[in-house]
Amino acid sequence: MSWTKQAKKDAIGRWIKFDEEHPAWTMTFLGDPKRVEKTSTMGDRKGEIYYAYEFPVEVDGEEKILSATQRSLINQLAEEHDEEPLPGRTLMIKCLDLRTKREWKIREVKAEGSLESWK
């Protein structure tokens, strides 16, 4: 791997972020999430306490954390888990609105090169 590819990979860090460069991620869920208390640092809700769910995931052979703070994503992941537990499953998650991060598409990657249709 060239140093530039490695540098970009290192710059991503340990946390999954949905942005212009990475609107979608394919990840394997390694276990149940941990509920984490956070404090808002922005806008009218500055100082307000809220909860995030941090999922241990694997992306491209590396362990990362998917921190779900948006209710819409948390609800969709809970629905997925109700259908079939998340640990051990590989999902592609795409943020459809990067500005508000309220719209998501999730599809399961069943086998190498095989994707279920968007849910």
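Over the ring of which residue does the charged end of Arg35 sit? The ring belongs to Tyr51, and the charged end of Arg35 is 3.6 Å from its centre.

A quick note before the views: this is a predicted model, with local features needing pLDDT of at least 70 and side-chain atom pairs counted only at pLDDT 80 or more, while totals for chains, interfaces and linings use all residues. Residues are numbered from 1 along each chain as its sequence is written, and side-chain values use heavy atoms, with hydrogens and water left out.

**View 1. Charges over rings: Arg35 with Tyr51, and Lys38 with Trp15.** To count here, NZ of Lys or CZ of Arg has to be within 6 Å of the ring centre and within 35 degrees of the ring normal. Arg35 makes it over Tyr51 at 3.6 Å. For Lys38 over Trp15, the distance to the ring centre is 5.8 Å.

**View 2. The aromatic pair of Phe18 and Trp104.** Searching the whole structure turns up 2 aromatic pairs. Phe18 and Trp104 make one that is edge-to-face, at 5.0 Å centre to centre and 80° between the planes. Rings of Phe, Tyr and Trp (its six-membered ring) pair if their centres lie within 6.5 Å; planes under 30 degrees apart are called stacked, over 60 edge-to-face, and the rest tilted. Phe18 sits in the loop between helix 1 (3-12) and strand 1 (24-29), and Trp104 is in strand 6 (residues 104-111), so to speak 86 residues away. Helices (H or I, at least four residues) and strands (E, at least two) are DSSP runs, numbered from the N terminus. Both Phe18 and Trp104 are buried, i.e. under 20% relative accessible area, with exposed meaning over 50% and partly exposed in between (1.4 Å probe, protein chains only).

**View 3. The aromatic pair of Phe29 and Phe55.** The ring centres of Phe29 and Phe55 are 5.5 Å apart and the planes stand at 85°, so this pair is edge-to-face. Phe29 belongs to strand 1 and Phe55 to strand 3 (residues 49-59), 26 residues apart. Phe29 is buried at 1% relative accessible area, and Phe55 is buried too, at 7%.

**View 4. Around Thr69, in the loop between strand 4 (62-68) and helix 2 (71-83).** Thr69 is partly exposed because its relative accessibility is 29%. Leaving out residues up to four places away in sequence, Thr69 touches Tyr50, Ala52 and Ile74, where contact means heavy atoms within 4.5 Å. The C-alpha atoms of Thr69 and Lys38 are 9.3 Å apart.
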